[in-house]
Amino acid sequence: MNYSILLLTLVALSIVGYYMGRNRARVTADGRIDRLHSLPSYYGTNVAIWVGLPAFILFAGWAALQAPIIEGLVFGSLPDQIRMTVNGDLLATAKMTAAQKTLFLNNVQNIATGDIASQAVSDDVRRAAAHYARLRGLSFMMMIGAMLIAAAIGAFFAYRAINPTMRARNTVERVVSGVMLVCSTLAVMTTVGIVLSLLFESFDFFTKVSPIEFLFGTDWSPQTAIRADQVGSSGAFGAIPVFAGTLLITVIAMIVAVPVGLYAAVYLSEYARPKVRSTVKPVMEILAGVPTVVYGFFAALTVAPFVRDAGNSIGLDVASESALAAGVVMGVMIIPFVSSLSDDVINAVPQSMRDGSYGLGATRSETIREVILPAALPGIVGAVLLAVSRAIGETMIVVMAAGLSANLTANPFEAVTTVTVQIVTNLTGDPEFDSPKTLSAFALGLVLFVVTLCLNVVALRVVQKYREKYE
Amino acid sequence: MNEAIAAVGGTAETAPQAPPGLKFVTRNVCVFYGEKQALNGIDLDITECEVTALIGPSGCGKSTYLRCLNRMNDTIDGARVTGSLELDGEDIYDPRLDVVQLRARVGMVFQKPNPFPKSIYDNVAYGPRIHGLVTGKAETDEIVHTSLAKAGLIDEVKDRLQEPGTGLSGGQQQRLCIARAIAVSPEVILMDEPCSALDPIATARIEELIDELRENYTIVIVTHSMQQAARVSQKTAFFHLGDLIEYGETAQIFTNPQDEKTQGYITGRFG
C-alpha cells in the first residue's frame, strides 16, 4: 500500500504523455511548427494534463471516500453481538455508542496495520480486522486499476485529438488558471476553516458558561476541579480582566512605539542624509527580524528585573512581572513596524508639497508639522492600527514576561495577564476538551480574532484611501 | 503680439551696473549638480516691478537659475551655487542670511499646481501664520480675502473657503497657489512654467493676473511658450546649454535678436 509510488508513477506517465503529445504535434504538422495553432509543448502539456488530472481527481476522491465505506462494510458484517476484549461484556453492535465505535475501529485498524492494539482484543475484533485488511487491499487494487484506466482513456483521446487546428494553448491556459484559482482560494478556505473551528469550540464553551458571564464578568480563574471532591477552584470565566490586561499592555506598547517610530520615520525621510538613511533603515529593520521569543526573554530576564529594581529604589512597589516591562519591550518590537510603514507614507507625499511649503518660507519643521504629516496622516493612522493589532495578538513576549494572574487594574507596575497568555496556558499540556478551562481558549481566541480583524479591515481601508489620493 | 512688440520698441543695450530699480543683480552664477555643471557663469539683472521672462530649450538652466533666486536649490542634494547674487544689494548666499526670510520676500509658484491637502482658506493662511504676519481671526480673514482677490479667485471660491484646495480645477488651483504666495507679501514672485499644466483659457487668466501683479511685484517667469513670453514680459533672457545667450527688452529680443541662436530658437529652427 504505497500511495507515493502510485503518484510518482502517475507523474511519470504524464511526462511520457507530454513527450508523445509534443512529438505527435510535430509529426502532424510535417515539421512545420508555424502551421500548428499552438506551440508543440502546449499539445504535450495537454496530453499530460489529460493523463494526470482525471486520474489524480479519481485518486483524491477515492482516498476520501474509501475509509467511511470500508468502515461501514466492516460494521455491517459484524455479528449481532460482539466482545471488544477477551474478557469483556457482550455488546449489541446496533447499540454501540460513538466512543465505543471509535475504540473498536481503532483496535481494528491497529491490528490490520500490524500495530499493537490497546488491550487484549477478542476474536471478534481479530475477525473484523482481517476483513478490514482484505477490503483495504481490494480497494487499493481497484483504485490502481481505475486510475490506470482513467489515465489511458485520457491519453487516448487527448493523443488522438492532436491536429494542427486544435486549440491546445487555450485548453492548457484554462486548466492553469483553474489551478491558480484553487491555490488562491486555499488561503481563504483556511481562514474559513479557522473561523469555523473557533466558532464550534466557542459554541461548546458557551453551552457551559454563559456569554454574558464571559463578556462582562470581572473574575477570571479558569482552574476547575477535576474530581468532585477536590477543594477550591470552581472556575470563573469573566474575561474582562484578561482583556483589560491586553489593553493595558497594548497601550503601553503603543505609547512607546508610536512616538519613537514616528520620530524615527520623520528623521529618516526628512532629515537624515542619504548615507545615514541607507545605514539606519536596514539596521532598524533588523529589529523587526528578531524572533519574538528573544524579545520575550529579554523582557523577562533583563527589563522586568530592571524595572522592578528601579521602582523599588524610589519606593514603588513593582511586581517582577509588571505590565510595564512586557509593554515596553513589545513597544520596542513594534517600533520598526511603525517607522517603516510611516516612512513609506511620508515618502509618498509628493516633493511638490515640500517645495510649495519651502517656497513660502516655511522651515523644515513647519513643513513637516503643517503639510507633510497632515498629508500623510491617513497612512500613519493605518500603520498605527496595524501595529495595534500586532500588539494585541503578540504572544511570546507576554507569555514570558507578563503574569498569569488576572488582575483588573490600570496600574502598569502590577502583573496582569493577557488573552494570548491565557490561551497558551489553557491549551498547552494535556488538555481535556470537555472542560470549560480548555474551551475558554477558543472563546478568547474568537474575540481576539474579531477584534484584530476589525482593526485590520479599518487599517487597510484607511491605507487604501490614502494611496488613491496621490497615484 | 505684434502690437506689443511695436509699442515697446528696440533698445538693445544691457542694463548698467546696479542702478536704482534693479531688484536682483547676479554675477558669474554657476550651479553644479554633483559633478555636472548646469549654469556656466550667468550675469543677469532683474528690474523691479517688471516681468522678466526666461526662455530657452529644455535643460538650458533657466529653471535652475530661477531656483537660485530664492535658494530653492538648497533643497536638492548635491546642488552647489557659486558667484554673487544680490537682492537689493544684499548677498542672498551669505551664510548669515536666513533663508526662511529670503523665501518670504521671494515667493515661488511652481509648474504643477501644488495646493496643500488643506482647505482653501488654510492654504492661503498658511504662509501668514508661519511668518507671524497675522494675529487673530479677523486679520487672517482679511489677508485671505485680499490675497484671493488679488489672485482673481475670490468670486469663484468665496462661498466654499472651507473646502479642500485640491478640489479646485487646475487653473483655479494655480491661482490659489499664486494667492498663497501673495499672502506673505513678497517683493518678488518667481514662476516656474506656471501655465504648462493648464488649458488656454486658464492660461489667459493667469497671464492677465501676471500683468496686474506687475504693478506691485517683481516677477520672474520661466516659460516654454514664446508667445507667452512676448505677451507678459518686459525683459527676456534667452538661455542655452547653461549659458545666457542674450538678454534685453522683450520686443527687441523677439524682433531683432542679436544672436543667431536666439533667432533660431524664437523662429522655431531648434529647441
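Predicted model: local features only at pLDDT ≥ 70, side-chain atom pairs only at ≥ 80, totals over all residues.
Reader: Is Leu10(A) buried or exposed?

Author: Leu10(A) belongs to helix α1 of chain A, which covers residues 3-28. A residue counts as buried if 20 or more other C-beta atoms lie within 10 Å of its own. Leu10(A) has 20 such atoms within 10 Å, and therefore it is buried.

Reader: What is the C-alpha to C-alpha distance in space between Leu10(A) and Leu53(A)?

Author: Leaving aside residues up to four places away in sequence, Leu10(A) touches Gly52(A), Ala55(A), Phe56(A), Met147(A) and Ala151(A). Leu10(A) and Leu53(A) are 43 residues apart in sequence, and their C-alpha to C-alpha distance is 9.4 Å.

Reader: At what angle do helix α3 and helix α4 of chain A pack?

Author: Helix α3 (residues 98-112) and helix α4 (residues 123-160) of chain A have axes 8 Å apart. In α3(A) the contact involves Asn107(A), Val108(A), Ile111(A) and Ala112(A), while α4(A) contributes residues including Tyr132(A) and Arg136(A). By class, this contact of α3(A) with α4(A) holds eight nonpolar, one polar and two charged residues. α3(A) passes α4(A) in a right-handed crossing, and the packing angle is about 65 degrees.

Reader: How many nonpolar residues are in the contact of α7(A) with α12(A)?

Author: Helix α7 (residues 240-271) and helix α12 (residues 364-393) of chain A have axes that come within 10 Å and cross at roughly 140 degrees. The crossing of these two helices, α7(A) and α12(A), is right-handed. Among the residues that meet are Ala253(A), Val258(A) and Leu262(A) in α7(A), and Ile368(A), Val384(A) and Ala387(A) in α12(A). Besides two polar and two charged residues, the number of nonpolar residues in the contact of α7(A) with α12(A) is 13.

Reader: Which element gives the largest share of the side of chain B that touches chain A?

Author: The contact between the chains takes 24 residues from chain B and 16 residues from chain A. On the side of chain B, the elements that give two or more residues are α3 (99-105), β6 (106-109), α4 (120-130) and α7 of chain B. The residues on this side of chain B fall into 12 nonpolar, seven polar and five charged. The largest share, four residues, comes from α3(B).

Reader: How far apart are the axes of α4(B) and α7(B)?

Author: The contact joins Ile120(B), Asn123(B), Val124(B), Tyr126(B) and Gly127(B) of α4(B) to Leu176(B), Ala179(B) and Arg180(B) of α7(B). Five nonpolar, two polar and one charged residues make up this contact of α4(B) with α7(B). The crossing of α4(B) and α7(B) is right-handed. These helices, α4(B) and α7(B), pack at an angle of about 35 degrees, with an axis separation of 7 Å.

Reader: What is the radius of gyration of chain B?

Author: Chain B has 11 helices and 10 strands. For its 271 residues the globule rule gives 18 Å, and the value for chain B is close to this, so chain B is as compact as a globular protein of that length; its radius of gyration is 19 Å.

Reader: What percentage of the residues in chain B is buried?

Author: The C-alpha trace of chain B spans about 55 × 45 × 35 Å along its principal axes. Among contacts in chain B with a separation of 6 or more, 70% join residues 24 or more positions apart. Of the 271 residues in chain B, the buried share is 47%.

Reader: Near what value is phi of Cys49(B)?

Author: Most residues other than glycine have a negative phi. Cys49(B) is found in the loop between β2 (36-47) and β3 (51-55) of chain B, and it counts as partly exposed because it has 15 C-beta neighbours inside 10 Å. Phi of Cys49(B) is positive, near 50 degrees.

Definitions and conventions. Residues numbered from 1 in each chain as written. Chains lettered and ligands numbered in written order. Buried ≥ 20, exposed ≤ 12 C-beta atoms within 10 Å, placed from the backbone. Contact = placed C-beta atoms within 7 Å. Rg over C-alpha atoms; globule rule 2.2 N^0.38 Å. Axes fitted to C-alpha atoms, helices over the stretch in contact; angles between N-to-C directions. Left-handed = near helix turned anticlockwise from the far one by under 90°. Nonpolar A, V, L, I, M, F, W, Y, C, P; charged D, E, K, R; others polar.
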